[in-house]
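Here are a few quick notes from going through the model. Have the structure open while you read.

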Amino acid sequence: MINTHRSVLATLLAAVCTLVLLTQPAVAQAVKTVTIATTATVVNGQPHFTGVHQRVIDEGWLAARLREKGIELVWIPVGGDTGATINEAFAARRIDFGGYGDLPSVILNSSGTRTQMIVPDGRGLNTFLLVPPNSTATSLRDLKGKRIAVHRGRPWYLTFLRLVEQSGLKPGDFRLVNMDLQPSAAALASGNLDALFAINSYTLADKGLGKIIWDSKGQADKKIRAELWGAKTFIDAHPDLTQLVATAYVRAQYWESQEQNRAAVIKTATLAGRTQHAVEQEYDDNGLAWKDFFTPVPDAAVFEHYRRTVAYAVDKRVIRTPVRVDDLLQTRFVLTALRDLQLEHYWAQVPATGPTVALAAKDRR
């Protein structure tokens with residue numbers, strides 16, 4: 001009888017152990033690569049990445065730190081519709097990080113694929129309204145009933161809607177054409193469009209392909225943002241690697257922000273085909289010091305921008321499911337990087353209040 005009881009007990013224990021093993025999560029596989037995707041152009045047969053991303057590559061610090069761990073840093077160049085391409089890559093779990101704009105990120109999270117902003121990138125990018133060089137239009141009102149190209153779903157789409165609304169107009173007052181930047185710029189130059197709403201437009205003006213009649217300088221609510229975003233599954237599983245990536249970007253933005261590197265930053269920006277005059281005009285903003293163009297500080301200005309973007313996207317039915325901004329913006333990695341690099345007081349900050357303060361305090365713990 002005792003032996004029978006022991007046999008039954010042993011069988012039960014084996015069954016329990018098997019059940020426990022089956023219900024435990026699988027042991028995570030060792031990370032072999034960290035993959036970052038962002039906009040790039042071809043320069044001398046090689047991909048040239050935009051802004052701070054190219055600086056991270058040139059410095060080599062991140063690649064070296066990952067190599068010490070037996071991990072390869074992989075860069076994915078993206079052309080054309082960056083937002084849609086990176087969203088698709090995040091949804092398919094083909095990338096770990098992506099550098100791209102605010103609205104596509106909000107759209108992705110609204111659809112159920114979770115990403116988080118890891119490092120903010122500066123104080124925003126300007127938007128522009130251009131018309132053909134021979135146009136007599138001087139304002140948006142002069143374009144009622146005309147063909148205006150603006151790419152739906154790209155970060156500047158909401159800015160255009162906001163400009164229309166604040167001008168006392170409505171989208172139906174125009175013949176809107178959904179086109180990406182390159183074909184729309186060509187259409188504007190050939191006279192097949194009456195106007196173009198876009199970014200990076202000084203080069204078009206310099207080349208005589210368009211005339212700028214409005215820009216967003218000095219208007220924070222009309223600028224767009226682009227940040228470094230990470231897949232939440234990767235962030236949660238590998239906070240140590242995420243921290244390395246965040247620190248690399250803060251290091252790079254600090255280098256860019258130093259006055260002695262201004263000429264090098266401008267020269268690098270021209271490699272993608274923009275004229276030096278166009279790049280200099282982008283940075284010609286009396287409201288910002290040079291170093292603040294590159295601030296990674298996740299302060300109240302960043303949170304307010306995303307609250308405004310989410311609210312407007314819901315109101316204009318660009319997204320159906322609202323996104324909670326305090327979940328969307330991850331601050332702990334950049335705050336740690338700023339502390340470790342002794343840069344906590346280097347950049348000016350917009351004072352934070354309410355939920356922003358609470359989140360920042362929580363992330364410092």
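1. V350 first: at 36% relative accessibility it counts as partly exposed, because that label covers what lies between buried (under 20% relative accessible area) and exposed (over 50%), with a 1.4 Å probe and protein chains only. Keep in mind that this is a predicted model: local features need pLDDT of at least 70, side-chain atom pairs count only at pLDDT 80 or more, and totals for chains, interfaces and linings use all residues. Residues are numbered from 1 along each chain as its sequence is written, and side-chain values use heavy atoms, with hydrogens and water left out.

2. Where does V350 sit? In the loop between α15 (332-340) and α16 (355-364); helices here are DSSP runs of H or I, at least four residues, and strands are runs of E, at least two, numbered from the N terminus.

3. Which residues does V350 touch beyond its neighbours within four places in sequence? R123, D299, A300 and A301, with contact meaning heavy atoms within 4.5 Å. A301 is 49 residues away from V350 in sequence, yet their C-alpha atoms are 6.0 Å apart.

4. Q330 is in the loop between α14 (325-328) and α15. Its relative accessibility is 10%, so Q330 counts as buried. The Q330 side chain makes a polar contact of 3.4 Å with that of Q116. (That term means a pair of N or O atoms within 3.5 Å; within protein, one must be able to donate a hydrogen and the other to accept it, and residues adjacent in sequence count only if both atoms are side-chain atoms.)

5. V43 stands opposite Q46 in β2. There are 2 residues between the strands, and N44 takes a positive phi near 55 degrees in this hairpin.

Definitions and conventions. Two strands pair if DSSP finds at least two bridges between them.
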